[in-house]
Amino acid sequence: MAVEDEQQSPLHILFFPFLAPGHLIPIADMAALFASRGVRCTILTTPVNAAIIRSAVDRANDALRHSTDCPAIDISVVPFPDVGLPPGVENGMALTSQDDRDKFYHAVTQLREPFDRFLADDRPDAVVSDSFFYWANDAAAEHGVPRLAFHGSSMFARSCSDSMLRNDPLETASDDPDAPVSLPGLPHRVVLKRRQMMDPRKRPDHWKLFQSINADDQRSFGEVINSFHELEPDYVEHYKTTLGRRAWLVGPVALGSMDMSGRGTSAPSPEADSCLRWMDAKQPGSVVYVSFGTLTSFSPAELRELARGLELCGKNFVWVVGRADPESSEWMPEGFAELMARGDRGFIIRGWAPQMLILNHPAIGGFVTHCGWNSTLEAVSAGVPMATWPRYADQFFNEKLVVEVLKVGVSIGAKDYASGVEAHEVVAGEVIAESIGRLMGSSEEGVAIQKKARDLGVEARSALEKGGSSYSDVGRLMDELMARRS
Ligand code: UDP
């Protein structure tokens, strides 16, 4: 391309999301956001993962067609590497055994080849690649393409994680699993229980990987963050000034999605429409929404207590049961089947729920969540307060942000950092019911939490509007990438 043509052509950004819905969904939303500002966007992924984001991308392209100066978003589909996984098993949600997980991570490293090829053939202006593709930084550097890291987490959790990985505060903490462990160097005092944190002595391989990912992210051109400045200003300042890291906050990206009903799936639950109609008949703020993202599982004992908690709390509820069999006597407490049969108190969704539509429905007054960052930010954007029930990854950090810093939630009291089901102490139904009651009730505490959540929802929307903080960060990043061309 001639130099003159190159300077006039739109910026081209390659997006390379990790193969899990919690990473693919925000990246598809983010590509739509950049495309609406005139950036040519390509998303590189494999067939099954492309199907997950296809409807979001198609709808964004339909909307962009009305604007003459916006190029379309492309999905560049590459084969999933043949590593002996059954056909169709291409992402984190489909893995059921350790053997499959090992094969999956082997496949992930093999994606470097199509990534390299794309960079060599298409020479995009920048690549937004997932932090879990730890080799992407070097690959992009080899091709002279600036690499922006995407971790899919909050500024608060990124800061906590940085503190933890640098200081290893568990090393000097007491061995008591309930011992308080403080994360040094942060704007607030952040204290977790020992058992709520990743322990490098239990998984040295994970710890080393996370340390090297953290260092790679820091070496990259910068990071794009699905958050907004007004949500966590102290941590934006900490990240940029104290830690010296470059970050652009461009969210909440879900608010720009054109595909609220089919977002994140090629097969929405057949019960989605009837669930929304069921909620139409409920009083504003009277329904609690219960969902734990795409990767989290609960033991039968935990499910039993959750069902009891929902019955005891007296609120209406919508429960996305995920992998659990909603008819199983293995966990169903006495009387729960009869409660569900009555139809007026609760609605169970099997399969994929239209989460953004549910959270933004006026009947919703609270959200029981595992604190995955997408779900957390979606609730913030919808002005919905949260009952927090973290399990692993960045979820315990996000709980601290929600409950102690933002004060838009109540903790259920989860104690154990673990991705499996058996390692979690069972939370009693009474405790779950009490947390939901505190969150959605009319006590001074409940009213303050509900008001703060509503106010944050308003700020989230403003951030994306023209002149808002995230709108401006997108513009600043584009200007910087454009300036690199010359
Ligand atoms: N999600 C959804 N419907 C479902 C389950 C999940 O729309 O039935 C979406 C949810 O809105 C969020 C994402 O899937 O955007 C889950 O991401 P999160 O970070 O909350 O959790 P993860 O699955 O990564 O643990």
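Me: From which domains does the shell around the ligand draw at least three residues each?
Reply: The model is predicted. The chain is divided into two parts, 2–257 + 464–484 and 272–462. The shell around the ligand takes at least three residues from each of domain 1 and domain 2.

Me: Which element gives the largest share of the shell around the ligand?
Reply: The ligand is surrounded by 19 residues, and G22, G293, T294, G372 and S375 are the closest. The largest share is 4 residues, and the element that gives it is α14.

Me: How many residues does domain 2 bring to its contact with domain 1?
Reply: The C-alpha centres of the two domains are 26 Å apart. Domain 1 puts 36 residues into the contact, and the number from domain 2 is 26.

Me: Which class has 18 residues on the side of domain 1 that touches domain 2?
Reply: On this side, α2 (21–35), α7 (155–167) and β7 (191–193) each supply at least two residues. By class, it has 5 charged and 13 polar residues, and the class with 18 is nonpolar.

Me: Which element gives the most to the largest nonpolar core?
Reply: This core has 133 residues, and F15, A28, A31, I43 and V318 touch the most other members. F15 has I27, M30 and A31 among the residues it touches, not counting those up to four places away in sequence. Both domain 1 and domain 2 supply at least three residues to the core. With 10 residues, the element that gives the most is α2.

Definitions and conventions. Residues numbered from 1 in each chain as written. Predicted model: local features only at pLDDT ≥ 70, side-chain atom pairs only at ≥ 80, totals over all residues. Domains from an automatic or database assignment. Contact = placed C-beta atoms within 7 Å. Nonpolar A, V, L, I, M, F, W, Y, C, P; charged D, E, K, R; others polar. Core = buried A, V, L, I, M, F, W, Y, C linked by C-beta atoms within 7 Å. Buried ≥ 20, exposed ≤ 12 C-beta atoms within 10 Å, placed from the backbone. Near = placed C-beta within 6 Å.
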